[in-house]
Amino acid sequence: MADSIDPSPLLTPYARSMGVEVQDDGAENGTAPILSVPFSDTVQGRPSHYHGGAISGLLETAGYAAIRTQLELDQRGNVRLKPINITMQFLAAAKSETLFAQARITKLGRRNANVEVECWQADRSRPRATAVMNVLMVAAGPE
Amino acid sequence: MAAHPFHCLPCMSEQTPQFDPKSMARFMFGASHNGFLGMGYHAHGENWMELELPWREDLVGDSEQHVLASGPIISLLDMASGMAIWTRMQAFTPVATLDLRVDYLRPAKERCAVIGRSECYRLTRSAAFVRGIAHDGDAEDPVANMAGVFMTIGGASQRGG
């Protein structure tokens, strides 16, 4: 991965060091970004399987990316996102191939947002895990 | 389901020797996702486990703040939960996370390591119920609260009921 290109604002330093990439930023058709993480030692739990924590990290990153993207579209880019909570359901083992994730915003209010996130591998109709997140939005700047 | 590391190791298939969380941690945290995060053993009891996640620049959630991202804290609590279950079972039985909820009570302190503590408070033939916290020095003032359910996979465990 080249550092010469600007790192995507959709990815935290943590997400980047885990290997998360922006597959499709959704700008073209106004959808939530699709993120992906290739299988590597960094995300591996038991041999040839993703670690639950790495799956969670991807789900969460996709949730924030969707909110961040929509806020920019709504010209509300100048807010900070703070996690309230996340609930994850692990539906099936994620094996050694690329894992994708995309969120759907259920509610984007003034102070808080609620998003659902799904991740899948080769077959999108068979999700590996899902998450529901609540996120607080606060004005950027000193608290 | 997000299965836990090494559950398929042949050594644990039949009679498992006394489960020793401390040496298990040394073995498990050398590589893979746990190793990437730099997790380490902190303490354990009959049905609980504490792991430590050191602060590291490249694991922050916001480049303007020196605070651990929430993702690694989920990994920490998930791992501590798996190990709490094995500690309670006294065996390395395959388990997989079914459901995990994390409430973020406040941001971790800047440049601070985080301790993840999980307790397996109920164990049945097929499910293990866990709860825990993450804190950055004072367990009375946690950073996060966690609740989860794990399933045993690949055959019933010998214990519980």
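Reader: How much area is buried between chain B and chain A?

Author: Buried area is the accessible area (1.4 Å probe) that two parts lose on being put together, summed over both. Between chain B and chain A that is about 2800 Å². Carbon and sulfur atoms give 55% of it. This is a predicted model: local features need pLDDT of at least 70, side-chain atom pairs count only at pLDDT 80 or more, and totals for chains, interfaces and linings use all residues. Residues are numbered from 1 along each chain as its sequence is written, and side-chain values use heavy atoms, without hydrogens and water.

Reader: How many residues of each chain are in contact?

Author: Contact means heavy atoms within 4.5 Å. Here 37 residues of chain B touch 34 residues of chain A.

Reader: How many salt bridges are there between chain B and chain A?

Author: A salt bridge puts a side-chain nitrogen of Lys or Arg within 4 Å of a carboxyl oxygen of Asp or Glu. The count between chain B and chain A is zero.

Reader: Where does A101(A) sit, and is this residue buried or exposed?

Author: Strands are DSSP runs of E, at least two residues, numbered from the N terminus. A101(A) lies in strand β4 (residues 99–108) of chain A. Buried means under 20% relative accessible area, exposed over 50%, partly exposed in between (1.4 Å probe, protein chains only). A101(A) is buried, at 0%.

Reader: Which residues does A101(A) contact beyond its neighbours within four places in sequence?

Author: Among them are P33(A), I34(A), L58(A), E118(A) and W120(A). L59(A) is 42 residues from A101(A) in sequence, yet 6.2 Å away in space, C-alpha to C-alpha.

Notes. Chains are lettered from A and ligands numbered from 1 in the order in which they are written. Helices (H or I, at least four residues) and strands (E, at least two) are DSSP runs, numbered from the N terminus.
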